[in-house]
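Here is a friendly walk through one protein model, written for someone meeting it for the first time. Have a look at the structure, then read on.

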Amino acid sequence: MRWIELRGTKYMCLEAGCGACIVSVVKSPGAPPEGVNACMVTVTSCHGWEITTIEKIGNRSDGYHPLQRSLFENNGSQCGYCSPGWVMAMYSLLKKKKMTMLEIETSLGSNVCRCTGYRPILEAFKKFATDAPDPRILDIEDLSICKKGGERCSSDCDDYDWCIVSRDDVQSGVMHIKLSDDRDWYRVNDIKDIFNVLALHKNKSYMLVAGNTAKGVYPILEYPRVLIDVSSVAALKGKYIQQNLVIGAGNTLTELTEIFESMRKRDDFEYLKVFVDHLKLVASIPVKNIGTIAGNLMIKNKHNEFVSDLFLLLNTVGAEISIVNENGFTKKVNMETFLKEDMDRKVLLNILLPPLNEDFVKIVTFKIMPRSQNAKAIVHAGFFYKLSQYNRVLQCRIAYGGLSGVFFRARKTEKYLTGRKLFDNDTLQGAVRQLDQEMVVVENPPDMSVAYRRKLALGLFYKGLLSICPQDILDQRYKSGVVRLRESRTLSSGEQSFDTNPSIWPLNQPSPKFDGLVQCAGEAHYSEDVPSLPREVFATFVLATVGLGTIENIDASVALNEPGVIAFYSAKDIPGENTFTPAGTTFYTANEELLCEKEVKFYNQPLGIIVAQTQKIAERAATLVEVTYSKIRKPVLDIKVTKHDPKRIKLFSSSKATRTGDDVAKVIKGEMSAYTQYHFCMETLVCVSHPTEEGIKLYSATQWIDVVQRMVSRVLKIQQNKVDVFLRRLGGAYGMKISRGTQLSIACAFVTHKLNTPCRFIQSLSNNMRYVGKRFPSSITFETAVNKDGVIQSNDYELFEDNGYVVDEPLAMLASDAFNNCYDKAPWDFRLYDATTDTPSNTWCRSPGSFEAVSMSELFMERISYEMNLDPLKVRLANIDRENHSEILELINTLKEKSNYEARRLEVEKFNVDNRWKKRGLRHSLLRWTPVGSLYLPVNIAVYVDGSVVVTHGGVEMGQGLNTKAAQICAYYFGISVEKVQVKPNDTTISPNSFTSGGSLTCQFVGVGIMKGCNKFLEKLEPIKKKNPNATWEELIKAAAVAEVDLQTHSMTGMADIRNYNIYGATCAEVEVDVLTGEWNIIRVDLIEDVGRSVNPVVDVGQVEGAFIMGCGYWTSEELICDPKTGEVLTDRTWTYWVPQARDIPQDFRIYFRKKSFSTEYILGAKGTGEPATCMGVVIPITMREAIVDARKESGLASDVWFPIDGPYTVEKICLACETDVIDFKFY
């Protein structure tokens, strides 16, 4: 689509994991519209399809679609990069059927948003539900037309005795296309055609293609020579009953679900209801719309370790598979035999499911994932029991996946159970022992540990039995083990409470981002949306493949011989300085290499650039560059290790205690660590560079256009005025694009400089996650003395910040004032260290430095409360610095009242007493966040003769609502409507020498610059106004123009504009965990933040919600795993790195802004909002810990003994920390 300049549809992961690329398709006349991931579908497979993109459903010319408007009006678009994908996902769902609010909420696992925290998106789309309070039902009557009956589909097609035959049923012939890379593509309509094509290409590699979704699991760098599209083969579609239920292997997973749904109403196939429910947990709807039965099972055949839910379901009930070979011979095999079957030149024809009598058969399945939706199974299990009327086991099947590539059935356990009374404690214990002995569980990084997967498999076996145990046998406390925490979650809700003063509008006016509608329509332009130019080339980095070593030789000859490859460049080709960081400035102390010249500092460090005709060719060629290394060494990766090495740490700052006490009840020693987080911007690092008559123009995705210009100048040895950098907006940033985008932008400009041709440099998600620095890992060690009330008497406290391989960006400074949070630092002896590891240079990431410091201080307070067996809130209150931070007490009291804390505290305690296998926590976290520094930002204001206004400024719009607030502030000072103000894009000519955008300060400083500019302008107008006291704005401007008044002003911001203030916050969270699996659900979060007098409360609510959910992700599911031997990042994709999704946010999410708060008039009373709430995400692991502690008490473990959990509280860490003993598995 981007080749034909339809750039409204975005992309990021290119593996169907983010949803940015969703479009709506009709695969044949009369077929229902379906959402699909464009990145999965080859162009040739689209033959005969009708494809609808975001540009068609609503736009400026034809009017906007109600979905686009609703998403905009509900502030569901911040950076906007993901918005078209969300709209198209919802559009496709509503085109197919009417839905309830809960159905809508559970159907959007296809999409990721890093900005909003999901709540406003869900609110926007739930308005179109049939059960919404004021439903905005779209007319879909003419959209779903039956291919057979020709009428609107209202029932199963089997209800028609007579059917019109669709075109698909009679289409014949083979279509052949010779592709540009000399591959052969065929579309066939009959099975014999498949084998005829294969006969023509006997010695060539081939691939049968239907949905092509396998590449989302196992990426395909180079396709086979022959591609055969089998999606139109009628013999692979449909279903029929021949004692067994026979289902064509070419059915999509969506069609399979529909078949199961219709067939479960028939005798002996009622068990398919279990399969329907399980398939809801499999993949996303757009993936299921094209992924097929055969495709899924063939992945399992080729990769036995693949966790195929479909294979598990079929294996659970003893299904079979039919396979046909090139001679026309068909054979049936069971599921495990299929895994060993050589499928070369064979076709998977259909699956056969047996009839099972519901009266005697019980079937239960489970899928445990790292988050609620759209993730592969950690472990999944299926249990089949055929029982006598006295509950003795006549037959059983116990199936697993996710343990290893060889263990799929627990046959010894099945044998043990046969003939025994199932719901007996002795039988249960014997079966658990047998299962534990026979399971084969192997390490398979980055999969979760053997210990967890083994424990989880046993827990699922027990949960399965609890699920079918007669209620009169089961003890009341054990019934909680039956509840499926995530699947039983009800509809989410939200509440936002803030003040607004209409008398000063548009200032303080709640309104969505002004550019939100064009973002939702795909009309908003990002850096990579620049139209293609003739002779344009594509570039990508070549990455080092050792963690530490010396480059001896680089041989690019094989890559350069590949068709379409144009050039390879290394450090020796750089004309100027080989660096992308401006060393010697405030925020940069070192030169980081643009391309590694000799010594490799970390795994996947960029060492070269490949240039090619297409992105795919460049990416493949990059893997063909051969590099010879010497002195290869094992890297040091862990801050917990490096902090003990004097050569790797350096004191950054320290502060001595000013007071110590001698009322010591206990001395507590310990350490805690937290690790890194990838920014996960929906727009990856990208740049487009064009040669111009002056030099080079760059469209760079950067938070700092000036440093891009400056460093391109240095690297290319040209004057800065020959480099133009243009930027309209970013698709998310969170700090990554302050410096890391500079490296790529320089490389892009370098290619244009060398070849004098346009260049497009797009980093894949995988490359981004591998070589780009991330959030600083951190670790603390402490020895603290406290009294009986938990008041700190003395505290020897060290904080170590992991900079990566070099101390360059001195972000430790942002922790130097935040280490004590809001607590009295008088008794603290504090030392802050910079540390280094053999990892990429870590960088800015939403609330850098302060995030680690605040989080550690809150966990530290929790430790005191547990060790002293005290109420954690009382411990916090006892240690608050009441002299400097007493304002936070008001927020705490408000929060306690709003959250109904006291009553809920009793409810949680009762819940934990009543339930053995579910536990809840209810905890607080506090926040004091202080913005640091100033921003040099130029601001220009121009007024046209008609009275309309244009503002340009040196800040970067990245979803935080900067331009919206800028327009509001300008309109406020001029006393005009915001519709008269427009904020134009930024470039280095309009805003030369501007500073970076970040630190939650950009809106503040741009606002100050606008205030200055407006006041200057109003001074110019004063003489005109005196002559025309009753004139309107438009009349004044016309008069000024006639009088030759300069109708533009310039201002700038800097150190003199710093206004110091503190931002306070408090959060109360309630979380429930499943003791047997580690799964969790955030039941409710109440969050209050002091945002001052917000310029735009709705925008700031979005910032707070998004920041908090990003913090939640850090503390729950976002775990980066590296190979300990090499340092290679193993979790570099959406398949292995799991950011929160819509069903992971608080089920009840309430945001309150502090009332009557005001900073200073100079900054209009406002305070920063983009980053602070990230720090409050620590309330989630704190609350989870309370639930874990209660579970441990059930196992006889003391509640006042601290147990370490470093980094995110993943389902693995939660389950293992509960330390459940299988001896406690009981029915009664």
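Is Cys 113 buried or exposed? Cys 113 counts as buried, because its relative accessibility is 6%. Keep in mind throughout that this is a predicted model.

Cys 113 is a handy way into the cysteines. A disulfide is a covalent bond between the sulfur atoms of two cysteines. This model holds zero of them. Cys 113 is in no disulfide, and the nearest cysteine sulfur, in Cys 82, sits 3.8 Å away.

Cys 1175 is another one to look at. Its closest cysteine sulfur belongs to Cys 845, and the two sulfurs are 11 Å apart, so they are too far from each other for a bond. Cys 1175 is buried too, with a relative accessible area of 1%.

UniProt, in an unreviewed entry, lists Cys 13, Cys 18, Cys 21 and Cys 39 under "binding site". They are spread over 27 residues of sequence but cluster in space, with a largest C-alpha distance of 10.5 Å.

Let's take two of them. Cys 13 is in the segment before β1, a strand that covers 22–26, and Cys 18 lies in the segment before β1 as well. Cys 13 counts as buried because its relative accessibility is 9%, while Cys 18 is buried with a relative accessible area of 2%. Sequence neighbours within four places aside, Cys 13 is in contact with Cys 18, Leu 765 and Thr 1134.

Another "binding site" feature in the unreviewed UniProt entry is placed at Leu 348 and Lys 367. These two are spread over 20 residues of sequence and are also spread in space, up to 25.4 Å between C-alpha atoms. From this set, Lys 367 is part of the lining of the second largest cavity. Leu 348 is found in strand β12, residues 346–353, and counts as buried at 4% relative accessibility. Beyond its neighbours within four places in sequence, Leu 348 is in contact with Leu 236, Ala 249 and Phe 338, among others. Lys 367 is found in strand β13, residues 361–368, and counts as buried at 5% relative accessibility. Among the residues that Lys 367 touches, not counting those up to four places away, are His 278, Asp 309, Val 379 and Glu 1079.

## A covered helix

Now for helix α12, which runs over residues 309–317. How many of its nine residues are buried? Nine of the nine are, so the helix is mostly covered. Asp 309 and Asn 315 are among the buried residues of α12, along with others such as Leu 312 and Val 317. Just after α12, Gly 318 takes a positive phi of about 75°.

## The nonpolar cores

Which residues touch the most other members of the largest nonpolar core? In this core of 311 residues, they are Tyr 400, Phe 461 and Phe 1108. Helix α16, residues 450–468, gives the most to this core, with 11 residues.

Tyr 400 touches Phe 461, and its other contacts include Leu 312, Val 379, His 380 and Phe 407, leaving out residues up to four places away in sequence. A second, separate core has 39 residues, including Ala 319, Met 335, Ile 351 and Phe 384.

## Empty space inside

Rolling a probe the size of a water molecule over the atoms shows where empty space is left. Here there are 13 cavities of 30 Å³ or more. The largest cavity has a volume of about 580 Å³. It is lined by 39 residues, and the closest to its centre are Gln 960, Ser 1000, Leu 1001, Gln 1103 and Gly 1170.

Helices α28 (962–974), α29 (1002–1027) and α31 (1097–1116) each supply at least two residues of that lining. The largest share, five residues, comes from α29.

Definitions and conventions: Residues are numbered from 1 along each chain as its sequence is written. This is a predicted model: local features need pLDDT of at least 70, side-chain atom pairs count only at pLDDT 80 or more; totals for chains, interfaces and linings use all residues. Side-chain values use heavy atoms; hydrogens and water are left out. A nonpolar core is a set of buried Ala, Val, Leu, Ile, Met, Phe, Trp, Tyr and Cys residues joined through side-chain atoms within 4.5 Å. Buried means under 20% relative accessible area, exposed over 50%, partly exposed in between (1.4 Å probe, protein chains only). Helices (H or I, at least four residues) and strands (E, at least two) are DSSP runs, numbered from the N terminus. Contact means heavy atoms within 4.5 Å. UniProt positions are given in the numbering used here, feature names are shortened, and annotations may be inferred rather than shown by experiment. A disulfide is a pair of cysteine sulfur atoms within 2.5 Å. On a 1 Å grid over the protein atoms alone, a cavity is a set of points where a 1.4 Å probe fits but cannot get out, and a pocket is an open set with protein on both sides within 12 Å along at least five of seven lines; lining residues have an atom within 4 Å of a point. Grid points are joined across faces, edges and corners, and a volume is the space filled by probe spheres set on the points.
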